[in-house]
Amino acid sequence: MKSAVVFFLFAALTYSFTTPGPVAATFIHKYSVAYETTGSGYTGLSLIRTTRAVTGQVATGCSFPYSGEPVYQTSWVMLNNSDPSWKEIGIGHQCNDTFRYYFWGYGLNGAWFPLGEQLGITNGQSHSFKIASNVLGAAIWDRWYIDSTVKAELQFQVVDGTGTEVRVGLETYAGGAQVLPYDNISMKYQKNAGGFSNWAGQDTSLVQSPLCGDWGGATSWSPGQGLGVCN
Amino acid sequence: MRALRRLKGVSILVGGISLGLVAGLAGVGAQIQAVGDAAGIRGCQEAADRASEYGAIYGVIRGETTTIDAIVRWQEQRHPISGIHSRLRNLSGTAAAVVCLYSGRFVTPVPQTTTGDEETPPHDVLRVILLPDGSIRLDSAGYRGRMTPETPGEMEAQGGS
């Protein structure tokens, strides 16, 4: 009798501490990324990206950007890789994909500093995303664009001209989500605040399970999640 | 009598498990020693539920009561970057606000820094502003010890304007 009571108590406690609630999902932090890495001096990038629907995402993070279990369709200009500093522009999906937004900002020493968001965007649309450095007199201004609209502008006084590479891809914190492969096309880079050039050579890529990714050519990268393969 | 002994044994077992859990949780909490002013830390503790939208919160690292003016100056001047316009500029500059730093595991954007299938560490510090109306506003997220100056007061102490 005594052993039966002890067994029951242990079973109940084990169940209560190991069984997830109805909205719990597995925490992950994974990427599907394409890189343009030839040489250095990267200051900008541009591409055309389709806002892709996310399915199977838990309904959390329904009030603020960067919350819940987000999926980011995004792109980075890396200014420093080891203690990362970067410029970023992308699309966020949260709350079972009912909370969507464009976002832009920068990173210093690994920390993320958002500069702005545009809420209420629509899946299935394609827009151009660009980060560019422009010489204006004696100053170099960094600008974040969606289509032809300047979303933010500022001056990095120290790190400009030292960019190590540009990246395009998918970053996910949503363990159970699925993202059909989507297009990032017309991918270009900018060096030393000059003109833009097409990505070339399919330099390198990194795809972490359960994501996938596929080069559609030197200037096109198609990432996805939860589908095995992307091509 | 036998039944009483059984009940006593079960009580000891449950009590032991409960004490173990409480001690374990207390141990996690004990690793975080919040710094700042008492009112600021208390405000951050009370706002922790709302801040947990951004991820799992383990505790308050820092809470500093200051003014909107001081926060605007700090946000615009803390980095070697010109042209930053704080999103708090439209608020009354003399109003009091709190800068809160939480430890935890957050879901903010960060570039991949690992190779192979190894997971890039998520941000482990969340910094939010607790506004006069009680709402919170994300400032930034990063890694412990790498977000200096952490507060307007720290920037002033370092000789910033």
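A disulfide is taken here as a pair of cysteine sulfur atoms within 2.5 Å. The model is a predicted one, and a search of the whole of it finds three disulfides over all chains. One of them joins A:Cys62 to A:Cys95, with an S to S distance of 1.9 Å, and this link of A:Cys62 and A:Cys95 is right-handed, with 90° about the S-S bond. The two cysteines belong to distant parts of the chain, 33 residues apart, since A:Cys62 lies in the loop between β3 (54–55) and β4 of chain A, while A:Cys95 lies in the loop between β5 and β6 of chain A.

From this link within chain A we can turn to the interface with chain B. Here 54 residues of chain A are in contact with 45 residues of chain B, and the area buried between chain A and chain B is about 4,000 Å², of which carbon and sulfur atoms give 60%. Of the area that chain A buries against chain B, A:Phe27, A:Phe64 and A:Phe113 supply 14%, which is more than any other three residues.

Polar links also cross this interface, where 21 residue pairs, both members at pLDDT 80 or more, are in polar contact. The elements giving two or more residues to the side of chain A that touches chain B include the helix α1 (2–18) and the strands β1 (27–36), β7 (111–119) and β10 (149–156) of chain A. β7(A) gives the most to that side, with seven residues, and the residues of the side as a whole divide into 35 nonpolar, 12 polar and seven charged.

Which strand of chain B pairs with β10(A)? The partner is β3 (residues 81–82) of chain B, and the two strands run in the antiparallel sense over two bridges. Within β3(B), B:Ile81 is the bridge partner of A:Phe156.

Charged side chains complete the account. The structure holds 13 salt bridges over all chains, and three salt bridges are found across the interface of chain A and chain B. In one salt bridge the side chains of B:Arg87 and A:Glu117 meet at 2.8 Å, N to O. Another salt bridge is formed by A:Asp83 with B:Arg146, whose closest N and O atoms are 2.3 Å apart; this pair crosses between chains, from A:Asp83 in the loop between β4 and β5 of chain A to B:Arg146 in the loop between β6 (136–142) and α5 (152–157) of chain B.

How values were computed: Residues numbered from 1 in each chain as written. Chains lettered and ligands numbered in written order. Predicted model: local features only at pLDDT ≥ 70, side-chain atom pairs only at ≥ 80, totals over all residues. Heavy atoms only, no water. Contact = heavy atoms within 4.5 Å. Buried area = accessible area lost by both parts, 1.4 Å probe. Salt bridge = Lys/Arg side-chain N within 4 Å of Asp/Glu carboxyl O. Polar contact = N/O pair within 3.5 Å; in protein donor to acceptor, adjacent residues only side chain to side chain. Helix = DSSP H or I, 4+ residues; strand = E, 2+ residues; numbered from the N terminus. Nonpolar A, V, L, I, M, F, W, Y, C, P; charged D, E, K, R; others polar. Pairing = 2+ DSSP bridges.
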